[in-house]
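I went through the charged side chains pair by pair. Here is the structure I worked from.

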Amino acid sequence: MSKTDVTFAGWDAGRDIVLDPGSPEPLYFQVSRQLQAAIADGRLPAGARLGNEVDLAASLRLSRPTIRQAIQTLVNQGLLVRRRGVGTQVVRTKVARPLRLSSLFDDLAGLGGKPESAVLVNQVEEAGAEVGELLEAPGLTHVRRLKRLRSADGEPLALMNNYLPDGVLDPADDELRERGLYQLLRSAGVRLHAAEQHIGARLATEEDAELLDEQPGAALLTTQRTTYDDTGRVVEYGWHVYRASRYTFNLSLTNGPQ
C-alpha cells in the first residue's frame, strides 16, 4: 500500500487506518471513526492538513466517493474544514460544557484552556419596561449592561451579553477581562442559588460573523439565562451566542417517577 500525504508526527493514514471489509460497519464510517479518534487523542492536532481525496483513496484502496463521505461526516461534526487553496484541515475540537450554574470563563479554565475576554460594553443605562421585566423588577430605573467577546486559546468562542440590576456589581474592565462574571458576583457577596436557561440556535449576523470569525449565516448556539440569588431576586439576565463549530452543551438525564 502506498503512503498518503496524511502524515503528521508519526501518524500515517495509509498505515494507521485499518479497514475490515467484512464488518457490518460501512467503510466510510470506519475511516471517519479512526480519523476522529486520531483528532481526539492529538495524533492529528489542530491545523494538520489531510492529503487530497485522490491520494487518500489510493492509499486506503477505497473509492473517492467513500473518502469524500468519510471526510464530509467530520466536516459536519466541526472536526474538519475545507479551505479553498489549502485543502482539508483539522480544526480545534469543540468545547464541551456541562449545564450547571457556572460561567463560561470558569468552565474553560477548568478544562485547561486559556480564557480571554474583550470588554465591548460595560456601562450603566436607563432600564426600560422590557429590561425590568427580564430582571423581574418592574420598578427598576437603571441597569448595568455588559457585552464581552470570550475567546479560548486565542480563538473567539462566544459573544456574551448581560443585564444586572444597578448596584449588584460595579466591575472594572480589568476585572471582567481576568475573571468570570459568576466569580465576581460571588466575591461581591452574592449567593447564587438557581437559574433558568433556554437553549436555541440561529444564524450568524454580519456583526456576529465579524466578531466570532465565522461566515454570515453560520450556525450559532444561543442561550438565555435568568439567575437568582438565595432570596429569589434576579441578579443577572444573560443572552449569549456560541460558535456551533466549536461549542456544545452536555447534560445528564435520569429516570423520573414511573
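I started with Asp 229, which forms a salt bridge with Arg 233, the closest N and O atoms being 3.1 Å apart. I used this cut-off: a side-chain nitrogen of Lys or Arg within 4 Å of a carboxyl oxygen of Asp or Glu. The model is predicted, so local features need pLDDT of at least 70, side-chain atom pairs count only at pLDDT 80 or more, and totals for chains, interfaces and linings use all residues. Residues are numbered from 1 along each chain as its sequence is written, and side-chain values use heavy atoms, with hydrogens and water left out.

Next I looked up accessibility. I call a residue buried under 20% relative accessible area, exposed over 50%, and partly exposed in between (1.4 Å probe, protein chains only). Asp 229 is buried at 5%. Arg 233 is partly exposed at 42%.

Then I took Arg 64 and Glu 53. Their side chains meet in a salt bridge at 3.2 Å, N to O. Arg 64 lies in helix α4 (residues 64–76) and Glu 53 in helix α3 (residues 53–60), so the pair ties together parts eleven residues apart in sequence. Helices are DSSP runs of H or I with at least four residues, strands are runs of E with at least two, and both are numbered from the N terminus. Arg 64 is partly exposed at 43%, and Glu 53 is buried at 13%.

I also checked Arg 243 and Glu 155. They form a salt bridge at 3.4 Å, N to O. Arg 243 sits in strand β12 (residues 234–243) and Glu 155 in strand β9 (residues 155–165), 88 residues apart. Both are buried.

My count by this rule: twelve salt bridges.
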